[in-house]
Amino acid sequence: MILDHLLDLTTAKKRNLTDEDLKQFENYLENPSESTRLVIFAEGKLDSKRRLVKLLKRDAQIIEATTPKEQDLKRYFASQAQELGLHFVGDSLDQLLLKSGYDFGELQKNLALLRAYKEDGQITLEDIEEVVPKSLQDNIFDLTQMILKRQIDQARNLVKDLRLQGEDEIKLIAILLGQFRMFSQVKIFSEEGQSESQIVASLSELSGRKVNPYQVKFALRDSRRLSLSFLKQAMTTFIETDYAIKSGTYEKDYLFDLALLKVANSV
């Protein structure tokens, strides 16, 4: 028997079971059926004050599944690569992690692709670019570079491809807005005298999650020639475009293309 999303065991406010259901479940746990194997999935922090949790901690095997840290992923896949006869040259492993979004499943898939692609097992940065499929984040990075270089035709072609792939303008605006927000934050911290590693730490604390150092590295490089007034205006343009699209003022593809033009022309 599998119970999924049982938030009643966690500190989350949402509940799926009534008080009566919980009481019956407690009674069952006190005297479970010997022929039943019960598996419970409960995402979130277990509420140790609940009697149900106390019973499970007493009698059940609890396995904590957490998202692997970046260094843990790197060590694991470096070991996996060695077993597969692969050798990452230079920063190619870091680039694989970055392009795979630090996702365990994506990393496994892309490692298999690289193994099939390179018979000699020597994996370079060029191999990563050639083999690993571009993620949406990669495409947004490319789109941002085109905007900053005023490559309007290339930007339009990329946006057209993204639309054909089913990506929505509102989603693209949200990611672009996040990109330009990072430019602003990185520039502010840099002008305050913070080093690259200090900026990573500051952004991680600010966002409540570990910020990818490579994203900061590229943002630091690109933001050096951008003024804070330009970045502020660019973010305002994206916010106003998002509102206009959701309000149904004009066709969303027209509004999105217009926003790209406005930002590119103000660089």
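**Domain contacts and ring pairs**

The model is a predicted one. I then looked for salt bridges between domain 2 and domain 3, and the count was 0.

I checked which part of domain 2 supplies the side touching domain 3: helix α4 (residues 92–99) gives the largest share, with 3 residues. By class, I noted 2 nonpolar, no polar and 4 charged residues on that side of domain 2.

I went back to the domain bounds. The assignment lists domain 1 (2–59), domain 2 (70–131) and domain 3 (136–266). I took the centres of domain 2 and domain 3 over C-alpha atoms and got a separation of 28 Å. For contacts, I have 6 residues of domain 2 against 7 residues of domain 3.

I looked up the buried area next. Domain 2 and domain 3 bury about 560 Å² between them, and 51% of this is on carbon and sulfur atoms. On the domain 2 side, E70, L98 and K99 lose the most area to domain 3, together 64% of what that side buries.

I turned to the aromatic rings and counted 8 pairs. For F180 and F230, I have ring centres 6.3 Å apart and planes at 65°, over the 60 degrees needed, so I logged the pair as edge-to-face. I placed F180 in helix α9 (residues 169–191) and F230 in helix α12 (residues 228–247), so this pair ties together parts 50 residues apart in sequence.

Key:
Residues numbered from 1 in each chain as written. Predicted model: local features only at pLDDT ≥ 70, side-chain atom pairs only at ≥ 80, totals over all residues. Heavy atoms only, no water. Domains from an automatic or database assignment. Contact = heavy atoms within 4.5 Å. Buried area = accessible area lost by both parts, 1.4 Å probe. Salt bridge = Lys/Arg side-chain N within 4 Å of Asp/Glu carboxyl O. Helix = DSSP H or I, 4+ residues; strand = E, 2+ residues; numbered from the N terminus. Nonpolar A, V, L, I, M, F, W, Y, C, P; charged D, E, K, R; others polar. Phe/Tyr/Trp six-rings, centres within 6.5 Å; stacked < 30°, edge-to-face > 60°.
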